[in-house]
Amino acid sequence: MDRKTLTKLELNKILARLAEYAAFSASRELLEDLEPTSDLGEARRRQQETSEARGLLEENSQVSIGGARDVRGHVGRAARGVTLQPEQFLEIKSTLQSAEALKGAIEKVAGRFPLLAQTAEALYEGRPVVAGINRTLSEQGEVLDSASPALASIRRELRVQHDRLHSRLQSIINNSNYATYLQEALITQRSGRYVIPVRAEARGRIKGIVHDQSSSGATL
C-alpha cells in the first residue's frame, strides 16, 4: 500500500491515537511506525497476537511493562565507553526487572497465548547486570561499599579517621582545663571542617587553626 493511500486513510491519525496508550518513548515509536501488510498470513498473525494480548489483560490486568524505561541511549553510551550516572544505571535495572517480570507472567500462560510466549522468549532478563547494579548502587543511587574492595577499604579508613578526629575534639571540650576558653562545649563545622567554638580572647590557649570567626568577632 503506497504512502498516498495511507495518508487518505488517515493512518497517521489512527496511529497517533494508538501511541497515546504507549508506556514510554520506545514503544511509542514502534506504534507510530506500524504499517498495514498485504500478506494475509502476516495479517492473521497480527490479529491473533492482538487477540492474545487482549485476552491476557482481561485474564490478568496486572501484567504490564511498568517500570520499564527507554534505555537505548544509556546502552549506546555505555557501549562507547561513556561512564553512566547512577540514575541511568537504576533505569536500566528497572527495565530489566520489568522484562523479567513480564516474561515470567507470560510463560505461566504460554499454552493459551503462544504468540505472546514466542515474543517473551526473546526478552533479556539481564540477571547478571541487575546483580552487578545491586552490588554497586543503593535504591537511592548511592555507591555502596561493595562496589569494589578498594572503595570499601578507603571508606573503612575514612571512618576510622573520622572517629579519631571526633574523639580528639570530644576530649578537648570535655577537658575542664579548656572549659573557660570555649564559647560552647560543642563540635560543629565550618567550610567542611570540624571545629570547636573558642572565645576570641583565648586565642592561642588551645593549639589549632582558626578556620572562621563570628560576625561579632567574639568567637573563633
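## Salt bridges and pockets in a predicted model

A network of salt bridges links E42, R45, R46 and E49. The structure described here is a predicted model, and the count of salt bridges in it comes to 15.

R45 and E49 both belong to helix α4, where 4 residues, about one turn of the helix, separate them. The closest N and O atoms of R45 and E49 are 3.6 Å apart. R45 has a relative accessible area of 32% and is partly exposed; E49, at 23%, is also partly exposed.

Other salt bridges connect separate parts of the chain. R3 forms a salt bridge with E35. This pair links distant parts of the chain, since R3 lies in helix α1 (residues 3-8) and E35 in the loop between α3 and α4, 32 residues apart. R3 is exposed because its relative accessible area is 52%, and exposed residues are those over 50%. E35 is partly exposed, at 39% relative accessibility.

R159 and D145 form a further salt bridge. R159 lies in helix α9 and D145 in the loop between α8 (127-136) and α9, so the pair ties together parts that are 14 residues apart in sequence. Both are partly exposed, R159 with a relative accessible area of 41% and D145 with 28%.

| Salt bridge | Closest N and O atoms |
|---|---|
| R3 and E35 | 2.5 Å |
| R45 and E49 | 3.6 Å |
| R159 and D145 | 3.4 Å |

The pockets are considered next. The largest pocket holds about 1800 Å³ of space. Its lining consists of 41 residues, and S27, L30, I65, L102 and T119 lie nearest its centre. Helices α3 (25-32), α4 (40-59), α6 (86-107) and α7 (114-121) each contribute at least two residues to this lining. Helix α4, which also holds R45 and E49, gives the largest share of the lining, 9 residues. By class, the lining of the largest pocket comprises 26 nonpolar, 7 polar and 8 charged residues.

The second largest pocket holds about 750 Å³ of space. It is lined by 29 residues, with V195, I196, V198, I209 and H211 nearest its centre. Two or more residues of this lining come from each of α9 (149-173), β1 (188-190) and β2 (193-195). The largest share, 4 residues, is that of α9, the helix in which R159 lies. The lining of the second largest pocket has 14 nonpolar, 7 polar and 8 charged residues.

Methods: Residues are numbered from 1 along each chain as its sequence is written. This is a predicted model: local features need pLDDT of at least 70, side-chain atom pairs count only at pLDDT 80 or more; totals for chains, interfaces and linings use all residues. Side-chain values use heavy atoms; hydrogens and water are left out. On a 1 Å grid over the protein atoms alone, a cavity is a set of points where a 1.4 Å probe fits but cannot get out, and a pocket is an open set with protein on both sides within 12 Å along at least five of seven lines; lining residues have an atom within 4 Å of a point. Grid points are joined across faces, edges and corners, and a volume is the space filled by probe spheres set on the points. Ala, Val, Leu, Ile, Met, Phe, Trp, Tyr, Cys and Pro count as nonpolar, Asp, Glu, Lys and Arg as charged, and the others, Gly among them, as polar. A salt bridge is a side-chain nitrogen of Lys or Arg within 4 Å of a carboxyl oxygen of Asp or Glu. Buried means under 20% relative accessible area, exposed over 50%, partly exposed in between (1.4 Å probe, protein chains only).
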